[in-house]
Amino acid sequence: MKSQTLPHLTKIIALTLLFSFGCAKSKSQNPLIQESAPLDNQLKKSLTKIQTGPLADDCDQKLAAKKTEIIQALDIYRADIEAKQNQEAPSADKSFVDFEGGKIEEIAITPPPTDTAKKIQTFSWDELSNQFQKIKSAPYSFKKWAYALNYAKILISEDLNRTVYYTNLTLEPSDEPALSKIIAEVAPCAIQEECGELNLTAPSTQFANQNSVYHYVLGKIKGASSRQEAHEWISNLYGKLEADYATKFKLPSNGDTTAIVNSEGITEFRLTLDLSAFSNASQNLAVRWIESVWSSDHYKLKLVLGDKQETSSLFKYFFFPNDTQRDTTYHAGEFTHEVHLFTKSSSKAFAHETGHVLGLNDHYWEFWNRDLCAYQTTLDPTDVMSDHIHGVATPGDWEELIRRYPVSAPKGGP
Ligand SMILES: [Zn+2]
């Protein structure tokens, strides 16, 4: 298991959306691609790691004093706040059901919002600091301090991922052609043992230099003391580029999915997956949660339960009742073809993660806005692959599934 924990985020309405999102990972064993940065027991230690991280930028300098003030105060109360949070019952205004020894919030399927404008969520140390200035001199309020603690943990985790563990928060949707071009240019050298020198075109060099992670690795290649060391960094860059491309733009298709037109004229995508880690009752719930989102007048998803031991390509679903991390679907790496779901997540997260299993990417976009020193996420409230709480399966989602899984000819049927 990854050791990163962000407990009890579901209680914090304003913060819930971003971190209850599932994400899809497509990564190799490449050290640059580690995506989970553990929070240290003392937030102050994590802060030091961030400020001395190789990708720390002007923002990290600028915000250092504010961060230190908040974190020193939070470290004093952290143990008490966490202990109290662990004893708290889930809030009454949400409908939690028992699931595999943990809790899942059941969200009713409602028509998607009619306001289809994309939303932007912003998280920043400036915003937290403004709130902190108000609570630090007021009489102690558990609720406010717990909110500040959780907000700080999110920011520290993001900072660690950005400056120490190199999650790519620089790429934007319009970068697809440039990313695809640089991959083609790096590939020949990366796969050739003796190659220690990259020959990038000017546009690719410019693209790489605008991106903090790639810029950092280009510097390492340039400064390598041997051809072999340079080659290692080139392979490293190639692995990172490919993983970023897959994660952001093109998850692989699912080998256990077929499409047919059923007797009612509905196109049915049949996905075989493994839910055997769950009890029968939980399997039924999970199937209902997934199929009810992936259902429309013309298309629907039909789940077929299989056993991963017999067919290794099947995706197997796991649930962690005592841990609240970010739900994740793994296409590669240590947990290849596994879906990890966590307590206090939502029923619609099961549908979102299953979208990843089918090869759909996240349709929300997270990035680091260096001008504002803020993490921002753009969301489409209509699409379950973007805002899974409010969204449903959109015509665009179905179109992509049809492209990936063409309907096979019926066997002697009408
Ligand atoms: Zn996701």
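Predicted model: local features only at pLDDT ≥ 70, side-chain atom pairs only at ≥ 80, totals over all residues.

Started with the secondary structure: I count 13 helices and 13 strands in the protein chain.

Next I looked up burial. Of the chain's 414 residues, 37% come out as buried. I then checked how far apart in sequence the contacting residues sit. Taking contacts between residues at least 6 apart, I get 70% joining residues at least 24 apart.

Picked helix α6, which covers residues 142–163, 22 residues in total. From first C-alpha to last I get 31 Å, close to the 32 Å expected at 1.5 Å a residue. Is α6 mostly covered or mostly open? Mostly covered: 18 of its 22 residues are buried, where the cut-off is 20 or more other C-beta atoms within 10 Å of a residue's own.

Then on to a sheet. I found an open one of three strands, ordered β4-β13-β12, and the pairing is antiparallel. Its edge strands are β4 (119–124) and β12 (365–369), each of which pairs on one side only. For the twist I get an average of 25° from one strand to the next.

Zoomed in on one pairing in that sheet. How many bridges join β4 to β13? Six, with β13 spanning residues 374–379 and the two strands running antiparallel.

Key:
Residues numbered from 1 in each chain as written. Helix = DSSP H or I, 4+ residues; strand = E, 2+ residues; numbered from the N terminus. Expected span 1.5 Å × (residues − 1). Buried ≥ 20, exposed ≤ 12 C-beta atoms within 10 Å, placed from the backbone. Pairing = 2+ DSSP bridges. Axes fitted to C-alpha atoms, helices over the stretch in contact; angles between N-to-C directions. Contact = placed C-beta atoms within 7 Å.
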